[in-house]
Amino acid sequence: MQVLLTGGNRGIGEQMTSQLRARGDTVVATSRDGSTGAALDVTDRAQLTALADSFEGPLDLLICNAGVYLDKGHSLGNGFDAQLWADTFAINVTGVFQTIEALLPALRLSKAPKIAVLSSQMGSDERAGGGAYIYRASKAAVLNLTRNMAIDLKPQGIAIGAYHPGWVRTDMGGSSADIDAATSAAGLIARFDCLGGDHTGVFENYDGTVIPF
Ligand code: NDP
């Protein structure tokens with residue numbers, strides 16, 4: 001299987017890359033600074049176009065993993081600057097949309113193309129927990145994007161799902177989080193393997209449980 005993954009230089013993305021390679025998949029893992037695989041900042045349209053143009057052969061799985069949590073620890077009346085809203089949405093929402101759009105031609109060459117988007121249960125309306133307004137809104141928006149794209153891409157045979165990776169010990173999740181990146185990555189890869197056909201537009205936890213919208 002040919003895979004392209006954004007944000008592959010650290011955290012869950014780095015783990016998914018090494019586990020997919022270990023089982024024999026070919027993975028193009030991007031990084032902003034070019035230290036791992038192709039250089040890609042998902043807010044850079046020119047880089048996205050260049051990456052899509054240089055991608056050879058069918059793309060079987062696109063993993064939109066790159067993301068930021070810029071308003072961590074902010075409280076109402078103290079933070080949530082407008083620039084943080086713009087920066088977060090540029091990466092977590094617009095960046096995902098433009099990555100998918102750029103790579104659709106390569107996905108269409110695959111016999112069973114799929115797209116996995118790292119959302120978060122913090123984007124679930126039913127699991128509203130307060131705070132982190134920018135991050136939560138961005139992950140809710142990308143979940144909504146996934147649900148709507150599932151409708152439009154299904155007739156083309158392209159499946160797309162949104163995933164919660166668990167609360168994971170990475171730079172973003174912090175050292176007190178529940179699970180390590182290897183456990184999360186293994187669970188996510190198993191979920192991506194189930195994506196396809198009528199199983200599209202899903203919102204699932206890394207362990208396979210369904211997350212309410
Ligand atoms: P990390 O902070 O450890 O890593 C984030 C990755 O995203 C890095 O590779 C980073 O690159 C990349 N990235 C950030 N901005 C951009 C950009 N503009 N263009 C390209 N790449 C970018 O995060 P995690 O591994 O913990 O999280 C991975 C995904 O899972 C994220 O989408 C996150 O929101 C989601 N998630 C994580 C949870 C957790 O508990 N950890 C819980 C729920 C969801 P660089 O090194 O250059 O900054």
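1. Start with the H1–H5 pair: H1 and helix H5 (residues 181–194) pack at about 60 degrees with their axes 8 Å apart. For reading that, axes are lines fitted to C-alpha atoms, for helices over the stretch in contact, and angles run from 0 to 180 degrees between N-to-C directions. H1 and H5 are therefore oblique to each other; under 35 degrees counts as roughly parallel, over 145 as roughly antiparallel, 65 to 115 as roughly perpendicular, and the rest as oblique. Helices (H or I, at least four residues) are DSSP runs, numbered from the N terminus.

2. Who touches whom here? On the H1 side, Gly11, Ile12, Gln15, Met16, Gln19 and Leu20 make the contact, and on the H5 side Ala181, Ala182, Ser184, Ala185, Ala186, Leu188, Ile189 and Phe192. Contact means heavy atoms within 4.5 Å. By class, these residues are ten nonpolar, four polar and no charged. Ala, Val, Leu, Ile, Met, Phe, Trp, Tyr, Cys and Pro count as nonpolar, Asp, Glu, Lys and Arg as charged, and the others, Gly among them, as polar.

3. A word on the basis: this is a predicted model, where local features need pLDDT of at least 70 and side-chain atom pairs count only at pLDDT 80 or more, while totals for chains, interfaces and linings use all residues. Residues are numbered from 1 along each chain as its sequence is written, and side-chain values use heavy atoms, with hydrogens and water left out.

4. Next, H3 against H4. These two pack at about 20 degrees, axes 9 Å apart, and that makes H3 roughly parallel to H4. From H3, the residues in this contact include Trp85, Phe89, Val93, Phe97 and Leu104, and from H4 they include Tyr133, Tyr135, Leu145, Met149 and Leu153. The contact of H3 with H4 has 17 nonpolar, three polar and one charged residues.

5. H2 (residues 45–54) also packs on H3 (residues 82–107), at about 30 degrees and with axes 9 Å apart, so H2 and H3 are roughly parallel to each other. Arg45, Leu48 and Ala52 of H2 meet Gln98, Thr99, Glu101, Ala102 and Leu103 of H3. That set splits into four nonpolar, two polar and two charged residues.

6. Finally, the largest pocket, with about 860 Å³ of space. Its lining has 35 residues, and the closest to the centre are Asn65, Gly67, Val68, Thr170 and Met172. A pocket is an open set of points on a 1 Å grid over the protein atoms alone, where a 1.4 Å probe fits, with protein on both sides within 12 Å along at least five of seven lines; lining residues have an atom within 4 Å of a point. The volume is the space filled by probe spheres set on the points, which are joined across faces, edges and corners.

7. By class, the lining has 14 nonpolar, 14 polar and seven charged residues.
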